[in-house]
Amino acid sequence: MNRSPVDQPERVAAKQISRDDLEAILDSLVEGIVTLNAQRQVIGLNRAACEILEIDRQEALHSDCRGLFGQHFCAQATKIREAVESGRAIDNLLAQLQTASGRQKTLNFRTNVLRNGQSEPRGSVVVFRDVTELMHLKEDLARRYRLHNIVGKSKVMQEIFRLIEEVADSDATVLIEGESGTGKELVARAIHHQSPRRDGPFVAVNCSALAEGVLESELFGHVEGAFTGAMRDKRGRFEAATDGTIFLDEIGDVAAGIQVKLLRVLQERIIERVGSEESIHVDLRVIAATNRPLVDLVAEGRFRQDLFYRLRVVPIQLPPLRERRDDIPLLAQHFVDKFREETGRPIEEIGPEALTLMLDYPWPGNVRELENAVEYAFVKSRGGQILPAHLPPELNRAEPMVALPEDLACPIAPPAEPEDDARELLRRTLDATGWNVARAARRLDISRTTIYERIRRYQLQRPEDKI
């Protein structure tokens with residue numbers, strides 16, 4: 001139907017109202033939006049874009065894209081400009097930018113191509129949001145959950161972080177105990193780098209890797225002619241660690257003869273080189289570590305009790321990974337980030353099913369084994385996410401960490417089972433699985449949602465949560 005000329009003003013007004021509404025909608029968004037024509041000139045931008053970029057709307061309109069994202073910004077904006085100029089889309093790109101006022105901001109960018117009715121490119125749109133505060137929060141959490149390459153948010157690890165910071169200011173001898181792979185050397189290095197001796201050397205010695213005679217020479221040094229092959233004087237590790245820290249790993253494997261000499265070092269800070277009677281003063285801190293409880297070795301008569309007490313001025317007990325499962329996701333992502341930076345592979349995260357396998361695995365090799373598993377996954381994965389198929393075979397075929405008693409093997413019967421029996425069965429199941437809800441749900445053949453609902457209904461609590 002043909003419209004009369006009288007209708008034309010109404011149609012124009014309707015178009016004008018629609019445009020005004022659109023601008024109002026765009027100005028209400030918290031994301032900055034900049035539209036560019038085919039010549040990459042700015043033809044539109046909303047209020048958030050002006051506020052985030054700290055620019056005037058009229059000055060920005062019809063300016064060149066290169067000027068908009070280059071005049072007051074640092075070189076990281078090059079990727080955004082290149083994406084616009086090449087007509088390709090980018091998503092989730094973080095860029096550290098400096099505004100005209102000198103403020104440093106972190107922006108998250110997305111770009112897309114605008115096309116006409118014939119699907120031909122006619123311009124681009126750049127969408128961005130200010131994530132500066134979010135990045136600050138992430139950095140704050142990273143500082144809270146990391147201490148010199150040690151990662152952990154669990155209660156026990158946070159307590160260890162505090163102990164490291166407290167002991168670092170002194171020269172007290174520290175004994176670190178924990179299974180192999182729990183990060184004993186990382187703790188020793190953290191203490192050293194937090195201490196006033198941080199500018200001095202950190203000297204690590206694996207006491208179990210060397211025979212007794214070799215270890216004695218390695219620790220205390222020797223003089224020329226002290227034994228066959230001693231062609232010249234040699235400085236030992238204690239002298240090399242002067243003004244710094246010496247880390248004696250696997251101290252429990254040290255032979256009795258060397259234990260006597262170590263006792264003198266701890267008591268007097270004096271050493272004698274092999275083949276010499278000259279006393280040499282050493283100014284250093286001693287940190288020792290063992291994967292076997294020294295108190296047991298003392299009871300067996302294999303380790304001197306007086307040396308044990310000299311070493312154990314400040315004890316630090318590192319828990320095995322299976323006892324700090326809350327840290328597994330954080331640690332795994334830490335290693336993903338590490339290997340992504342080292343290899344350049346575009347792997348961003350661990351998928352939920354793969355993470356479930358990690359949470360269920362007992363990790364006999366502790367954090368070191370977890371790191372190796374993530375590195376293995378980087379070799380296998382070709383996508384952006386680590387899946388179960390990318391994990392080492394032992395994780396896919398591993399039995400649950402804790403086997404349930406035989407009388408807990410049957411599932412909870414729904415309504416017909418007495419309420420008290422169901423409560424007791426669930427409590428015992430959770431205790432036997434270390435309160436791992438996923439494993440308990442699989443053993444009882446019910447969903448995790450049901451587990452959580454019954455925990456609330458029966459008012460169950462973890463043993464450590466009870467007052």
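This is a predicted model: local features need pLDDT of at least 70, side-chain atom pairs count only at pLDDT 80 or more; totals for chains, interfaces and linings use all residues.

Two packed helices are described by the angle between their axes and the distance between the axes.

Which residues bring the two helices together? On the side of α14 the contact involves I328, L331, A332, F335, V336, K338, F339, R340 and T343, and these meet V367, L370, E371, V374, E375 and F378 in α16. When the residues of this contact are sorted by kind, ten are nonpolar, one is polar and four are charged. An α-helix has 3.6 residues a turn, so residues three or four places apart point the same way.

## The open sheet

Turning to the strands, five of them form an open sheet in the order β2-β1-β5-β4-β3, and the pairing is antiparallel. The edge strands of this sheet are β2 (42-45) and β3 (90-98), each of which pairs on one side only. From one strand to the next, the twist averages 25°. Strand β1 (residues 32-37) pairs with β2 in the antiparallel sense over three bridges, and L36 stands opposite V42 in β2.

## The surroundings of helix α9

Helix α9 (residues 212-220) has as its buried residues L215, S217, E218, L219 and F220. These buried residues of α9 pack against the helices and strands listed in the table below.

| Element packed against α9 | Residues |
|---|---|
| β9 | residues 202-206 |
| α10 | residues 237-240 |
| β10 | residues 245-249 |
| α11 | residues 256-268 |
| β11 | residues 270-272 |

Just after α9 in the chain, G221 takes a positive phi of about 80°.

## The chain as a whole

The secondary structure of the protein chain comes to 20 helices and 16 strands, and of its 467 residues, 42% count as buried. Among contacts in the protein chain between residues at least 6 apart in sequence, 62% join residues at least 24 apart.

Definitions and conventions:
Residues are numbered from 1 along each chain as its sequence is written. Side-chain values use heavy atoms; hydrogens and water are left out. Two strands pair if DSSP finds at least two bridges between them. Helices (H or I, at least four residues) and strands (E, at least two) are DSSP runs, numbered from the N terminus. Axes are lines fitted to C-alpha atoms, for helices over the stretch in contact, and angles run from 0 to 180 degrees between N-to-C directions. Contact means heavy atoms within 4.5 Å. Ala, Val, Leu, Ile, Met, Phe, Trp, Tyr, Cys and Pro count as nonpolar, Asp, Glu, Lys and Arg as charged, and the others, Gly among them, as polar. Buried means under 20% relative accessible area, exposed over 50%, partly exposed in between (1.4 Å probe, protein chains only).
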